[in-house]
Amino acid sequence: MELKGPLCYVLDFDDIYNYAYQTAIKVKRSEWRPDAIVGIARGGWVHARIQCDLLGVKDLFSVKIDHWGVTATKDGKAKLTCPLTGDVVGKRVLVIDDITDTGESLTMAVDHVKSCGPADVKSAALMHIAGSKFTPDYYGVEVAWAWEIWPWNFYEDLTSLITKIFQGEKVKEMSTMELKKHLREYNNIVLSDDQLSKIKAHMGFLGTIEYPLDKAWRLKE
Ligand code: AMP
């Protein structure tokens, strides 16, 4: 069945930990040891913190790169919006992200860190999309393109996907049953009633839909 929107996969923290563990095993087998880790904000932060534990690294720094705007929509070219936060002079540095899609963010972050005087720089991601312009030195799994819904981005992604469904259907109101059907048709997403009611409460909190909530999902004017 052809989808009306981008194919999405909902990942949980067990998936993330598993991919992080696979990545760490590859680092250890390569016998290269980082002294510092740089997490790319925002997507790479959780992975970066897990790798500090798995690889025994205490120095954790950050850079911020903005590239993708709302879910599955690119926001022009990648931009370095916050430079490196720590001193990497003479250190072996591992730069970490969640996924390499176009690969522009990781390319930009690695180039930036290299310009800050480290001894050596390598890169890692949980997932690598086949065909990306940049292949990280280490990654957990290679996949075909899909929009991966990370557990740390669940409400943000679902809010924007559901808003797009309202726009696509040109309606202002739908029932939970209708929304479930559309999430399958648009994005191949299946969610539990509990997940949906939490998303609904979140969208009410953001002011995207009417709050307090009744049975329908009603867009706020
Ligand atoms: P890119 O510069 O295209 O490699 O991607 C930049 C960032 O956007 C990634 O680190 C992710 O946080 C996010 N992103 C890009 N593509 C995807 C995708 N297919 N699924 C989930 N997040 C993505």
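These are legends for close-up views of a predicted model.

Before the views, some ground rules: local features need pLDDT of at least 70 and side-chain atom pairs count only at pLDDT 80 or more, while totals for chains, interfaces and linings use all residues. Numbering starts from 1 along each chain as its sequence is written, and side-chain values use heavy atoms, with hydrogens and water left out.

**View 1**
The ligand sits in the largest pocket. Here "sits in" means that more than half of its atoms lie within 2 Å of the pocket's grid points. A pocket is an open set of points on a 1 Å grid over the protein atoms alone, where a 1.4 Å probe fits, with protein on both sides within 12 Å along at least five of seven lines.

**View 1. The shell around the ligand.**
There are 17 residues around the ligand, and His67, Asp98, Asp101, Thr102 and Ser105 come nearest; to be near, a residue needs a heavy atom within 4 Å. Strand S3 (59-68), strand S5 (92-100), helix H3 (104-114) and strand S8 (147-149) each give two or more residues to this shell, with S5 giving the most, four. Helices (H or I, at least four residues) and strands (E, at least two) are DSSP runs numbered from the N terminus. By type, the shell splits into seven nonpolar, five polar and five charged residues; Asp, Glu, Lys and Arg count as charged, Ala, Val, Leu, Ile, Met, Phe, Trp, Tyr, Cys and Pro as nonpolar, and the others as polar.

**View 2. Side chains reaching the ligand.**
A polar side-chain atom of Thr102 lies 2.6 Å from a ligand oxygen. For Asp101, a polar side-chain atom lies 2.7 Å from a ligand nitrogen.

Ser132 belongs to the loop between strand S6 (120-129) and strand S7 (138-143). Why does Ser132 count as buried? Its relative accessibility is 11%, and buried means under 20% (1.4 Å probe, protein chains only). A polar atom of the Ser132 side chain lies 3.1 Å from the backbone oxygen of Asp101. The Ser132 side chain also reaches the backbone oxygen of Phe134, at 3.1 Å.

Key
Polar contact = N/O pair within 3.5 Å; in protein donor to acceptor, adjacent residues only side chain to side chain. 1 Å grid on protein atoms, 1.4 Å probe; cavity = no way out; pocket = protein on both sides within 12 Å on 5 of 7 lines; lining within 4 Å. Buried < 20%, exposed > 50% of the residue type's maximum accessible area, 1.4 Å probe, protein only.
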